[in-house]
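Dear colleague,

I am handing over the structure we spoke about, and below it you will find my notes on what was found. Please read them with the structure open.

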Amino acid sequence: QVQLVESGGGLVQAGGSLRLSCAASGRTLSGSAMGWFRQSPGKEREFVAGISASGVTTVYADSVKGRFTVSRDNAKNTVYLQMNSLKREDTAVYYCATRTQSHLPSTKTHEYTYWGQGTQVTVSS
C-alpha cells in the first residue's frame, strides 16, 4: 500500500547541485527509516544515505559524505537528498526506499521493503 515517488533529477554540470524529493502515499512514514540508493548501468544498487524515523540519525556512504545531506519532513511524508559538489561519478538512477516500521536506517538493500521508481541524475562538464 506504500507508494514512493522520487522527483528532482536532471542534468547538471560537475560542481553543481540538485535536490531530490521522495513523496510517500498510502501510509505515514513517521515510524520508518528511509534510505537513498543509486544504480549505474551494469552495476549493483549502491547505498547512498539513510535517515532514522525521527530524522536525528543519518548515515552516508563514504563516497558522498560531506557533499550530500539527507533530511525528512514527516508532516509532509517526504524525504529529501540535497546533493552538492556533484561529480561525474554521481551519475545514476536514484531510488528512495523505506524500512517499514523500522526506526534506524540500514546500508543493505534487502532491509528495505518498498521502493520508488527512481529518478535519473546525470552529471556532465
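Where does Q101 lie? In this predicted model, Q101 belongs to the loop between β9 and β10 (114-115), and because its relative accessibility is 52%, above the 50% cut-off, Q101 counts as exposed. Leaving aside residues up to four places away in sequence, Q101 touches R27, G31 and S32, while the C-alpha atoms of Q101 and Y114, 13 residues apart in sequence, are 12 Å apart in space.

The loop between β9 and β10 also holds Y112, which pairs with F37 of strand β4 and so links parts of the chain 75 residues apart. The ring centres of F37 and Y112 lie 5.2 Å apart with the planes at 80°, so this pair is edge-to-face. Both partners are buried, F37 with a relative accessible area of 0% and Y112 with 6%. Ring pairs join F37, F47, Y112 and W115 into a cluster, and the count of aromatic pairs comes to four.

Y94 touches, among others beyond four places in sequence, F37, V48, L81 and V121.

Finally, two arginines have their charged ends over tyrosine rings: R19 over Y80, 4.3 Å from the ring centre, and R45 over Y95, at 4.0 Å.

Key. Residues are numbered from 1 along each chain as its sequence is written. This is a predicted model: local features need pLDDT of at least 70, side-chain atom pairs count only at pLDDT 80 or more; totals for chains, interfaces and linings use all residues. Side-chain values use heavy atoms; hydrogens and water are left out. Contact means heavy atoms within 4.5 Å. Helices (H or I, at least four residues) and strands (E, at least two) are DSSP runs, numbered from the N terminus. Buried means under 20% relative accessible area, exposed over 50%, partly exposed in between (1.4 Å probe, protein chains only). Rings of Phe, Tyr and Trp (its six-membered ring) pair if their centres lie within 6.5 Å; planes under 30 degrees apart count as stacked, over 60 as edge-to-face and the rest as tilted. A charge sits over a ring if NZ of Lys or CZ of Arg is within 6 Å of the ring centre and within 35 degrees of the ring normal.
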